Each structure stands twice: as C-alpha cells, then as structure tokens.
Amino acid sequence: QVQLVESGGGLVQAGDSLRLSCTASGGTFSRLTMGWFRQAPGKEREFVTTINWSGGSTYYADSVKGRFTISRDNAKNTVYLQMNSLKPEDTAVYYCAAARFAPGPMDYWGEGTLVTVSS
C-alpha cells in the first residue's frame, strides 16, 4: 500500500508561483506513474498532469500547459508540481495520485493540499 502526502499549498496572489510536493512511502516509487489532480469548490475533480516512472514523459491539461511543470526525484520518492503565473481559477484542492500501471487508473491518492489564488 502506497501512502502519499502532499505539501506546499497556501494563499498566493495572481501571478505568483508555488511549488507543491508529494512524498510517497510504502511502495516502489520509481515504478509508479505519478499525477496531480485538482478539485475547485463546487466542481468535479479534474486532471492536471502526469509523469511516467522515469520522468521522461509528461502530460498536461490545456488549462495549465506552459504554466505548470511536473517533475520527480526517484531518490527522494517525491513528485513536484511547479506552478507559475497562477490565476484565481487555479484555486482548488490539489491531489497527488499514483498508478501502478500505465495506461490505467490512479490507484492511490493523497489527502490533498489547498491552493488559493487571490485576484
């Protein structure tokens, strides 16, 4: 069983940057596909980005492409989400997730970290 713990959320102003971290334990991190999802108030959870086991392949939602960057450090069992040029519409709870197989559904989820972007 893989446990995921996110950190780095907070309150920022529009145009600011923020970096989220997600540290995994209880599994072989380097074999996992990792991703970030988010859920804004009153909305469904949506895909943000994923990264494959090596970090060599990434995918982004159109809404964050060019502003957000996902990366991973397998030696630290950690995946990061660098968020630049933040907008009020980026306000959401951000969830880290992991998949044992790709393509496939996410098998493990973190508790989430809140990002609030003020205008």
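User: What makes Arg38, Glu46, Arg67 and Asp90 a network of salt bridges?

Analyst: In this predicted model, where local features need pLDDT of at least 70, side-chain atom pairs count only at pLDDT 80 or more, and totals for chains, interfaces and linings use all residues, the four residues are linked through salt bridges. A salt bridge is a side-chain nitrogen of Lys or Arg within 4 Å of a carboxyl oxygen of Asp or Glu. Glu46 and Arg38 meet this rule with their closest N and O atoms 2.6 Å apart, Arg38 and Asp90 meet it at 2.9 Å, and Arg67 and Asp90 meet it at 2.7 Å. Residues are numbered from 1 along each chain as its sequence is written, and side-chain values use heavy atoms, with hydrogens and water left out.

User: Why is Arg38 called buried, and what is Glu46 called?

Analyst: Buried means under 20% relative accessible area, exposed over 50%, and partly exposed in between, with a 1.4 Å probe and protein chains only. Arg38 has a relative accessible area of 5% and is therefore buried, whereas Glu46, at 36%, is partly exposed.

User: Why does the pair of Arg38 and Asp90 tie together parts that are apart in sequence?

Analyst: Arg38 forms a salt bridge with Asp90. Arg38 lies in strand S4 (residues 33-39) and Asp90 in the loop between strand S8 (78-83) and strand S9 (92-99), so the pair joins parts that are 52 residues apart in sequence. Both Arg38 and Asp90 are buried.

User: What does the pair of Arg67 and Asp90 tie together?

Analyst: Arg67 forms a salt bridge with Asp90. Arg67 lies in the loop between strand S6 (58-60) and strand S7 (68-73), while Asp90 lies in the loop between S8 and S9, so this pair ties together parts that are 23 residues apart in sequence. Both Arg67 and Asp90 are buried.

User: How many helices and strands are there in the protein chain, and why is the chain called as compact as a globular protein of its length?

Analyst: Helices (H or I, at least four residues) and strands (E, at least two) are DSSP runs, numbered from the N terminus, and by that reading the protein chain has 0 helices and 11 strands. The radius of gyration is taken over C-alpha atoms, and the globule rule is 2.2 Å times the number of residues to the power 0.38. The protein chain has a radius of gyration of 13 Å, close to the 14 Å that the rule gives for 119 residues, so the chain is as compact as a globular protein of that length.
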